[in-house]
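Here's a quick tour of a model with a ligand in it. Have the viewer open as you read.

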Amino acid sequence: MSDKTIAQVDKRACTGCGLCALKCPRKAIALKPDDEGFLGPVLDAALCIDCGLCLKTCPATDVAETLIYREPRTYFAAIIADEELLLKSSSGGVFGVLAKRYIEELGGYVCGCVYNENMQAVHTVTNKWEEVVRMFGSKYVQSRAAHCFPEITKLLQADKQVLFVGTACQIAALRLYLGDKYEKLLCVEILCHGVPSPVLFEKYVAHLEKKLGGTVLDVQFRNKEKHGWGSEHRTCVVYEKKGRIKKHRPTLPAYFSAFFYGLNLRESCYQCRYAQLARVADLTIGDFWGAYHKYGKFFTEGISVVCINTVGGKQCIDALREQFAFFEELPEAQAVRSNDNFYHSIPRPRERDAFYQKNMRYRGLWKKAYLSKTYRRKTLASIYGAFVPPKIRYALHRIRREK
Ligand SMILES: Cc1cc2nc3c(=O)[nH]c(=O)nc-3n(C[C@H](O)[C@H](O)[C@H](O)COP(=O)(O)OP(=O)(O)OC[C@H]3O[C@@H](n4cnc5c(N)ncnc54)[C@H](O)[C@@H]3O)c2cc1C
């Protein structure tokens, strides 16, 4: 096989963005799940004409470096004013503020991640608020986004405003797909430490359905209703049983713990080229974990950190200041404190190799993970996080840091 094709790309660097399959003029590339359930390109050599387009535009190569914005950055902490939307959001609701502007003020479109009818995380494009509402909240599983790129192109060519929200690797793929810079496109990156496999999530949902005897409608990993905002276990499963909608809050769900501790992430996430201060999106949004240190109080309903990377991003935020109940500029050192993803990708735990095993059932994965040293150590820390009141937790945290 020629060395001009996607087959040359190191599998561990491939983010599964699907750009190669979209770009291939002969449809010689299909995205298929690997043994761990992550999508990746499979090239049909018989159809390939060796044009090299797949490799030239692949974000897993150095072409991605050209996308990184190197202009001076500014940071701020923010909380959306709309309390209802704040409750739906994982962090401080910056996504909600942006999406409202695109739908209600600009008559534009939003592309973000929803669960489809099969509980798969997929990106969708819409100009309807009811659909945007489904995008709220972090879905801790790799989402498919590339199928939206042709529609986004058409909208931009028709001079429509488009907001795209996703992971940095999805934004890199979108920008490489579009090629030209479109002024009416705003790319917003969720600060991401990695994504688990869609097949693992499928197993988790199947496990929940069996256990609950109902149909799972939503898995909210960062539900704030009971314990407020935090990084630990806040999973709330919404399901339907005998015609009634019910909620289940699993105790220490292995799926979430494994995600949180980095046991079940895509290989490329452990060497994410976007986990650095200079970013690929107009705006970067994440949890402001350093808020307690900065303000000396706990934000029970959530607070976001936002990094403005481009002039377009700045203009958008300037137009929206009134939509925030709290808005304060931050020096870089304070903004990125306690959020490692601004500096480096998550370390690959030693037990990652043993985590994914072919044909393993969810329960089996749980046991495997639970016996790992990383998991036991970190689960203990997370039990402590879930049950010790925030004030005490943060006081202890501060003492530990000061030591
Ligand atoms: C897989 C993943 C890992 C993350 N890791 C971190 C982290 O390490 N540190 C940190 O500070 N923040 C992380 N976040 C981001 C954080 O959880 C919030 O999503 C972010 O702060 C935005 O919150 P919000 O309150 O503005 O809006 P929210 O309503 O919570 O944001 C929802 C937005 O996130 C997008 N989204 C949801 N799930 C996905 C997905 N699977 N793929 C792509 N886009 C998705 C939706 O399209 C929507 O636009 C992660 C998010 C995800 C999905």
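In H4, the buried residues are Val-94, Phe-95, Gly-96, Val-97, Leu-98, Ala-99, Lys-100, Tyr-102 and Ile-103. Buried here means 20 or more other C-beta atoms within 10 Å of the residue's own, with exposed at 12 or fewer, partly exposed in between, and C-beta atoms placed from the backbone. Helices and strands are DSSP runs (H or I, at least four residues, for helices; E, at least two, for strands), numbered from the N terminus.

Before going on, keep in mind that this is a predicted model: local features need pLDDT of at least 70, side-chain atom pairs count only at pLDDT 80 or more, and totals for chains, interfaces and linings use all residues. Residue numbers start from 1 along each chain as its sequence is written.

H4 covers residues 94–105 and reaches 16 Å from first C-alpha to last, close to the 16 Å expected, where the expected span is 1.5 Å times one less than the number of residues. Just after the helix, Gly-107 takes a positive phi of about 60 degrees.

## Around the ligand

Which residues come nearest to the ligand? Of the 32 around it, they are Ser-89, Ser-90, Gly-112, His-193 and Gly-286. The elements that give two or more residues to this shell are H4, S4 (109–115), S6 (162–166) and S11 (283–287). S11 gives the most, with 3 residues. A residue counts as near if its C-beta atom, placed from the backbone, lies within 6 Å of the molecule or strand in question.

By class, the shell has 14 nonpolar, 16 polar and 2 charged residues. Nonpolar covers Ala, Val, Leu, Ile, Met, Phe, Trp, Tyr, Cys and Pro; charged covers Asp, Glu, Lys and Arg; the others, Gly among them, are polar.

## Strands and hairpins

Strands pair if DSSP finds at least two bridges between them. S1 (residues 29–33) and S2 (residues 39–43) run antiparallel with 5 bridges, and Ile-29 has Leu-43 in S2 as its bridge partner. Their hairpin has 5 residues between the strands, and Gly-37 there takes a positive phi near 95 degrees.

Further along, S8 (residues 215–220) is joined to S9 (residues 236–241) by 5 bridges, again antiparallel, with Asp-218 opposite Val-238 in S9. S9 also pairs with S10 (residues 244–248), antiparallel over 5 bridges; Glu-240 has Ile-245 in S10 as its partner. The S9 and S10 hairpin has 2 residues between the strands, and Lys-242 takes a positive phi near 50 degrees.
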